[in-house]
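Visitor: I have not looked at this one before. Can you walk me through it?
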Amino acid sequence: MPPVFRFAPSPNGYLHLGHAYSALLNFDRARESGGRLLLRIEDIDAMRCRPEFEAAIYEDLAWLGMVWETPVRRQSEHFGAYRAALDRLTALGLVYPAFESRAEIARLVRQREADSPWPRDPDGAPLYPGTAKSLSAAERARLVSSGAPYALRLDMAAACRHATGLAWQEDGEGLAGEQGSIPAQPQAWGDVILARKETPTSYHLSVVVDDALQGVSEVVRGQDLFQATSVHRLLQELLGLPAPVYRHHRLIRDGAGQKLSKSSSATGLRDLRAAGAHPADIRALVGLR
C-alpha cells in the first residue's frame, strides 16, 4: 500500500510561509515515496471559517505547483462521523458535560492560584478547574434540558485507565530532535474538550477520526502539535483507530522568533505573490530545494 499524506489547513485566514513549508513537505514526501496526497479543509469553526479563505487555499496551493486527490474532505460535511465517535466514548463513561463559561473558568483558576500555581497544559492553558465531573446524572440532565451552554470533556483519568503504555512513532524533528518511540503523556492536558453544545466535535476528536477514515499513514505537521499527539494517541486507542507515523517539523518563524500568524502580511503567500515572488522563491524562503 502506498503511503498516504495529508495537508489540513483551516480556512480562517490566508496561508503564510509556515503553511507553505508544511504543505510542500507533504507534497514532496508523497511524490518521492510514490504515495498519495490528500487535502482536507478543517472548517468546524463556523464563526471564523469563510468561503473566500477556502478558495484562496486552493489558489495558493495550485500556484505553488501542488496537486492533490479529489474530492477534498470538508469537516463541516461530516459531523455525523464525529458524533458517532463521541457516542462511543460516552458509552464507555468517558465523557461529561461541563457548564462553566470561559470567564467562570478563569475566575476559578484565579481563586486556586491564590495559594499555589495552578497546573497548565503543554500549551500553557490552565487545566480544567471545575467540578462538573462530580454532578449527579439528574443534575446534568436538568442543566442540559434547561438550554445551558456546555462543553463535553474527556474524563482524562478514567480514559488513561482504559489505555496504558501509549506511545507513537516519531520520524521527524520532535521538539528536541526526538525520534523513534515517544511515550504519550495525555494526562498533561487534563480533561480536554471533545465537543460543545453548538459544535459536535473539536480539533482533537475530528483529526483522529478523519485520519483513520481517510487512511492517512504519515502525518507531517509542525512542532507546535508535537505534545498534542499524546491526546491523539489516547483517542485512537479508545476508538480502536490505527496510529499513523508522525513527523513534526520545524516551524517557520518571523524576525523576532515568533511563530507566524495568518494576520502577518509580510509572510502571506498572496502578498508575496503580488509583490512578484515565484514558487521557487517560496521554496527558497522556507529552506526547501
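Guide: We can go from the overall fold to the cores and then to the charged pairs.

Guide: This is a predicted model, where local features need pLDDT of at least 70, side-chain atom pairs count only at pLDDT 80 or more, and totals for chains, interfaces and linings use all residues. Residues are numbered from 1 along each chain as its sequence is written, and side-chain values use heavy atoms, with hydrogens and water left out.

Visitor: How many helices and strands are there?
Guide: The protein has 10 helices and 10 strands. These are DSSP runs numbered from the N terminus (helices H or I, at least four residues; strands E, at least two).

Visitor: And why call it as compact as a globular protein?
Guide: Because its radius of gyration, 20 Å, is close to the 19 Å that the globule rule gives for 289 residues. The radius is taken over C-alpha atoms, and the rule is 2.2 Å times the number of residues to the power 0.38.

Visitor: What share of the residues is buried?
Guide: Of the 289 residues, 49% count as buried. Buried means under 20% relative accessible area, exposed over 50%, and partly exposed in between (1.4 Å probe, protein chains only).

Visitor: Which residues touch the most others in the largest nonpolar core?
Guide: L89, L154, L194, L205 and L234 do, in a core of 41 residues. Such a core is a set of buried Ala, Val, Leu, Ile, Met, Phe, Trp, Tyr and Cys residues joined through side-chain atoms within 4.5 Å. Elements giving it two or more residues include α3 (79–91), β5 (151–154) and α7 (203–213), and the largest share, five residues, comes from α8.

Visitor: What does L205 touch?
Guide: Leaving out residues up to four places away in sequence, L205 touches Y82, A85, L86, L89, L194, L235 and L239. Contact here means heavy atoms within 4.5 Å. Another core, of 28 residues, lies apart from the largest one, and L17, L37, I57 and I252 are among its members.

Visitor: Switching to charges: how many salt bridges?
Guide: The whole structure has 24. Each is a side-chain nitrogen of Lys or Arg within 4 Å of a carboxyl oxygen of Asp or Glu.

Visitor: Which residue does R120 pair with?
Guide: R120 pairs with E113, with the closest N and O atoms 2.4 Å apart. R120 is partly exposed at 38%, and E113 is partly exposed at 32%.

Visitor: Which residues form a network?
Guide: Salt bridges link R6, R40, E42, R73, D210 and D211 in a network.
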